[in-house]
Amino acid sequence: MSTTSTSEEVKDNTSREDEGDAPNTKDEDKSNENLLECNICLDTAKDAVVSLCGHLFCWPCLHQWLETRPNRPVCPVCKAAISREKVVPLYGRGSKKQEDPRNKVPPRPAGQRTEPDNNFSGFGFGDGGFHMSFGIGAFPFGFFTSTFNFGEPRPNMPPHGTPQNMEEQFLSKVFLWLALIFIAWLLLA
Amino acid sequence: MANIAAQRIKREFKEVIKSEEVAKCAIKLELVDDNYTELRGEIAGPPDTAYEGGNFLLEIKVPETYPFNPPKVRFMTRIWHPNISSVTGAICLDILKDQWAAAMTLRTVLLSLQALLSAAEPDDPQDAVVARQYKENLEMFKLTARHWTNVYAGGPNVNPECDEKIKRLIDMGIEEHQARVALSSYNWDLERATEQLFS
Ligand SMILES: [Zn+2]
Ligand SMILES: [Zn+2]
């Protein structure tokens with residue numbers, strides 16, 4: 001999405017090439033596999049969500065953890081504050097073919113833009129680099145869009161929670177702002 | 001639900017077996033039943049502590065709601081420690097209670113218990129008698145913990161003085177462990193221990 005992520009990908013590729021036929025290529029593959037494991041069931045994450053502190057879970061697993069301790073919602077890995085509203089669902093490339101996980105029980109929260117203060121408190125908990133990959137464009141623009149607190153205009157997101165007419169009203173404003181920001185970005189870049 | 005518990009323990013078990021702590025003989029994990037609901041843990045007493053050289057067995061019971069709730073762990077090997085009951089082996093450790101987190105594993109539990117042996121917290125005691133001794137007479141506490149480690153956990157430090165006093169009480173018809181508890185509780189004061197036992 002953002003330019004940062006592409007440059008990171010390029011870096012990753014070169015570093016892998018640098019290692020070449022080193023004997024630890026297999027180990028690296030293995031650790032990459034572990035990266036996609038849910039921190040609760042230790043299996044490959046299903047209906048994956050990520051906390052603001054960057055920890056990956058199956059949504060059903062995390063949901064059950066939050067249900068088990070409703071008055072102390074903390075990340076099961078790093079104990080940072082966590083909540084149903086502050087997790088980001090991950091949609092892989094093939095996810096369209098699958099059943100919408102939010103129709104399942106328990107429903108997975110929809111992707112959304114968080115309010116600015118939430119956004120910044122999140123920086124306290126760990127690697128900030130993670131947040132960059134979710135922003136649209138560069139950092140200051142991501143800040144502008146998030147100040148308006150609109151639902152993210154995800155094409156595959158069904159109307160969920162918010163009234164339809166309000167969402168339409170918001171969307172038109174969002175697109176206007178996105179257009180302005182895009183022009184500004186082009187001028188600066 | 002029980003399914004996720006068993007599956008997770010299976011994975012954890014495989015990981016622990018391969019861990020470097022097992023290679024260094026610092027921790028051990030064994031299955032007690034085939035359902036993965038009960039396990040036997042073992043931790044080595046940390047170096048430079050009164051528990052050095054001892055091996056401590058732990059009873060680990062995995063609840064059906066694991067990993068959303070912590071495993072139930074207790075010392076099977078008798079131990080003299082402020083946060084562990086000298087009677088039942090019950091453990092006072094926050095991560096086994098309200099500070100448990102679902103991403104913790106049996107490996108992290110065993111390592112935390114080992115850390116607890118290195119750093120007691122007498123202000124949050126499980127065994128009030130031991131905690132008081134720890135705070136009022138640390139040298140006496142170390143001597144007693146070392147003696148218990150020698151007798152119950154196979155530690156190397158024999159203390160002939162302690163053994164002699166226990167023998168005196170055994171000669172009076174007191175059971176060995178009961179004699180050891182009385183002497184340990186009264187800072188190895190034979191007179192006061194005798195008084196308490198016969199009162
Ligand atoms: Zn999971
Ligand atoms: Zn976390």
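The points below go through the salt bridges, a charged surface patch and an annotated domain.

1. A word on the model first: it is predicted, so please read each of the contacts below as a feature of a predicted model. Over all chains, the structure holds 9 salt bridges.

2. Let me start between the chains. Arg11(B) forms a salt bridge with Asp43(A), and their closest N and O atoms are 3.2 Å apart. Arg11(B) belongs to helix H1 (residues 2-18) of chain B, while Asp43(A) sits in the loop between helix H2 (25-35) and strand E1 (48-51) of chain A, so this pair joins two chains. Both partners are partly exposed: Arg11(B) has 31% relative accessibility, and Asp43(A) has a relative accessible area of 21%.

3. The side chains of Arg8(B) and Glu12(B) meet at 2.7 Å, N to O. These two residues are 4 residues apart in the helix, about one turn. Are they buried or exposed? Arg8(B) has a relative accessible area of 0%, so it counts as buried. Glu12(B) is buried as well, at 1% relative accessibility.

4. The next pair reaches further along the chain. Arg107(B) and Glu21(B) meet through their side chains in a salt bridge of 3.0 Å, N to O. Arg107(B) lies in helix H3 of chain B and Glu21(B) in helix H2 (residues 20-23) of chain B; at 86 residues apart, the pair links distant parts of the chain.

5. Which residues form the negative surface patch? They are Asp94(B), Asp98(B), Glu121(B) and Asp124(B). Of this group, I would point you to Asp94(B), found in the loop between strand E4 (72-75) and helix H3 (106-118) of chain B. Asp94(B) has 42% relative accessibility and therefore counts as partly exposed.

6. Last, the annotation. An unreviewed UniProt entry lists residues 161-199 of chain B as "domain: UBA". In the model, that span is 77% helix and 0% strand.

Definitions and conventions. Residues numbered from 1 in each chain as written. Chains lettered and ligands numbered in written order. Predicted model: local features only at pLDDT ≥ 70, side-chain atom pairs only at ≥ 80, totals over all residues. Heavy atoms only, no water. Patch = residues over 30% accessible without salt bridge, like charges linked within 9 Å, V, L, I, M, F, W, Y side chains within 5 Å. Areas by Shrake-Rupley, 256 points an atom, 1.4 Å probe, with all protein chains shown as cover. Salt bridge = Lys/Arg side-chain N within 4 Å of Asp/Glu carboxyl O. Lys, Arg positive; Asp, Glu negative; His and termini not counted. Charge placed at Lys NZ, Arg CZ, Asp CG, Glu CD. Buried < 20%, exposed > 50% of the residue type's maximum accessible area, 1.4 Å probe, protein only. UniProt positions renumbered as here; feature names shortened; annotations may be inferred.
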